[in-house]
Structures are given as C-alpha cells and as structure tokens.
Amino acid sequence: MHTATQQIDNGVNVTALLGAREALAQAPLAARFTWRAHSEWVRGTHTRISVEDFHGLGEAQQHRSRFTYNADHPEVFAAEDHGPTPVEYVLVGLAACLTAGIAAVAQHRGIQLRSVKAMVEGDMDIQGILGMDPEVRNGFDDIRVTFEIDADASRADIEALVAQSQKRSAVYDLLTNPTHVKVELK
C-alpha cells in the first residue's frame with residue numbers, strides 16, 4: 001500500500017528563513033535593522049504615515065512600494081475619524097506579528113493551517129490622556145489576544161504554536177518589556 005505524503009503549504013518559505021538565520025549567525029552586525037515610519041500632520045488629530053525605507057543587512061533597503069496609513073481619533077473625541085487611533089495600530093501590529101509567527105512556526109513544524117483568526121482587545125481609561133487624573137496611566141491597562149485556529153494538529157500542538165509565536169514576537173516583546181524611546185526636536 002502506498003502512503004501519500006501531505007504537502008504543507010501555509011505560504012511561508014521556511015527554507016529561506018532558516019538560511020537567513022544561518023547567514024546572519026556568520027555576520028551578526030547585518031542582523032541590526034532600523035525600521036522607519038514617516039509621519040505628517042494633516043489637520044486636527046489626523047496624521048498621515050508612510051512606510052517605505054529601512055536599514056538592514058548592512059545597507060539601505062526599500063519595500064516594494066510605499067505603504068500609507070491614516071491615523072485619527074473617532075468622532076466621540078471631537079475628531080473627524082479619518083483612520084484608526086494610534087493605539088488601535090498597536091493592536092493591529094500585535095495581531096499581525098503573532099499571526100505571522102503562528103504561520104511560520106506551523107510551516108516549520110509541518111502543521112497545515114486552515115484558518116487563523118484573532119481578537120485583540122486593549123482596555124484603557126482615557127482619563128489619563130485627557131489630563132483628568134494624573135494617577136491614571138495614558139496607555140493600556142490590559143491587552144487580551146484570543147485565537148481561533150483550525151489546523152491539522154492536536155490542541156496541544158496548536159497551543160505550542162501560539163506559545164512559540166508569542167516567544168518570538170517583536171511586537172509582543174515591545175509591549176511587555178521596557179523599550180527606551182527618545183523624542184527630540186530637530
């Protein structure tokens with residue numbers, strides 16, 4: 001009897017990722033990246049942000065195209081609601097990073113994904129950002145990520161995918177560990 005080997009395809013080129021990891025182990029300075037976002041105020045609380053260039057592998061790099069985002073605040077904040085709020089972009093980044101990690105880890109472990117859905121919620125008391133109470137922090141009090149994953153794997157294997165993605169997520173790390181941020185005027 002002939003047993004067919006199932007081809008796993010989650011759209012992640014694990015061979016290239018592992019090759020990059022191996023190459024960077026030989027040249028660790030090339031692993032230092034600088035990511036950039038360029039922001040320009042439009043009007044009110046509306047800002048337009050573009051992402052196009054970055055530095056990595058020891059030289060200037062470009063995305064295939066410029067990505068443009070709008071950020072604003074909703075009408076309930078007396079704004080014009082031209083885009084998600086900046087804190088919602090943080091939730092977007094976390095969802096995207098964790099989900100990409102799940103796909104990469106699943107591909108590497110030979111697990112076929114059928115669907116990956118996440119709900120990312122962040123609780124915030126806006127009395128802080130409105131200057132109403134100096135004891136209330138300006139940022140999130142709590143963030144919750146809930147995944148629904150359908151895959152050819154046991155629940156324990158799927159939990160391991162989520163755990164490994166969380167362990168390797170840059171955005172999760174940014175949110176759970178202090179990061180030095182310098183703001184200056186040019």
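Q: How much space lies in the second largest pocket?
A: About 590 Å³, in this predicted model. Of the 23 lining residues, Leu94, Leu98, Ile143, Val145 and Tyr172 are the closest to the centre of this pocket.

Q: Which element gives the most to the lining of the second largest pocket?
A: That would be E6, with 6 residues. H2, H3 and H4 also supply at least two residues each. By class, the lining has 14 nonpolar, 4 polar and 5 charged residues.

Q: What is the volume of the largest pocket, and which residues are closest to its centre?
A: Its volume is about 2200 Å³. Trp35, Cys97, Ser169, Ala170 and Val171 are the closest to the centre, out of 35 lining residues. H2 gives the most to this lining, with 12 residues, and the classes come to 24 nonpolar, 7 polar and 4 charged.

Q: Why is the pair Arg114 and Asp152 called a salt bridge?
A: The rule asks for a side-chain nitrogen of Lys or Arg within 4 Å of a carboxyl oxygen of Asp or Glu. For Arg114 and Asp152 the N to O value is 2.1 Å, so the pair meets the rule. Arg114 sits in strand E5 and Asp152 in the loop between E6 and H3, so the bridge ties together parts that are 38 residues apart in sequence.

Q: What makes Arg114 and Asp152 partly exposed?
A: Buried means under 20% relative accessible area and exposed means over 50%. Arg114 has 47% and Asp152 has 39%, so both count as partly exposed.

Q: How do you know that Arg144 and Glu121 meet in a salt bridge?
A: Their N to O value is 3.7 Å, which is within the 4 Å cut-off, so the pair counts. Arg144 is in strand E6 and Glu121 in strand E5, so parts 23 residues apart in sequence are tied together. Both residues also belong to a network of salt bridges with Asp123 and Asp142.

Q: Which residues touch the most other members of the largest nonpolar core?
A: Ile102, Leu113, Ile149, Ala151 and Leu161 do, in a core of 16 residues. The largest share, 7 residues, comes from H2.

Definitions and conventions: Residues are numbered from 1 along each chain as its sequence is written. This is a predicted model: local features need pLDDT of at least 70, side-chain atom pairs count only at pLDDT 80 or more; totals for chains, interfaces and linings use all residues. Side-chain values use heavy atoms; hydrogens and water are left out. A nonpolar core is a set of buried Ala, Val, Leu, Ile, Met, Phe, Trp, Tyr and Cys residues joined through side-chain atoms within 4.5 Å. Buried means under 20% relative accessible area, exposed over 50%, partly exposed in between (1.4 Å probe, protein chains only). Helices (H or I, at least four residues) and strands (E, at least two) are DSSP runs, numbered from the N terminus. On a 1 Å grid over the protein atoms alone, a cavity is a set of points where a 1.4 Å probe fits but cannot get out, and a pocket is an open set with protein on both sides within 12 Å along at least five of seven lines; lining residues have an atom within 4 Å of a point. Grid points are joined across faces, edges and corners, and a volume is the space filled by probe spheres set on the points. Ala, Val, Leu, Ile, Met, Phe, Trp, Tyr, Cys and Pro count as nonpolar, Asp, Glu, Lys and Arg as charged, and the others, Gly among them, as polar.
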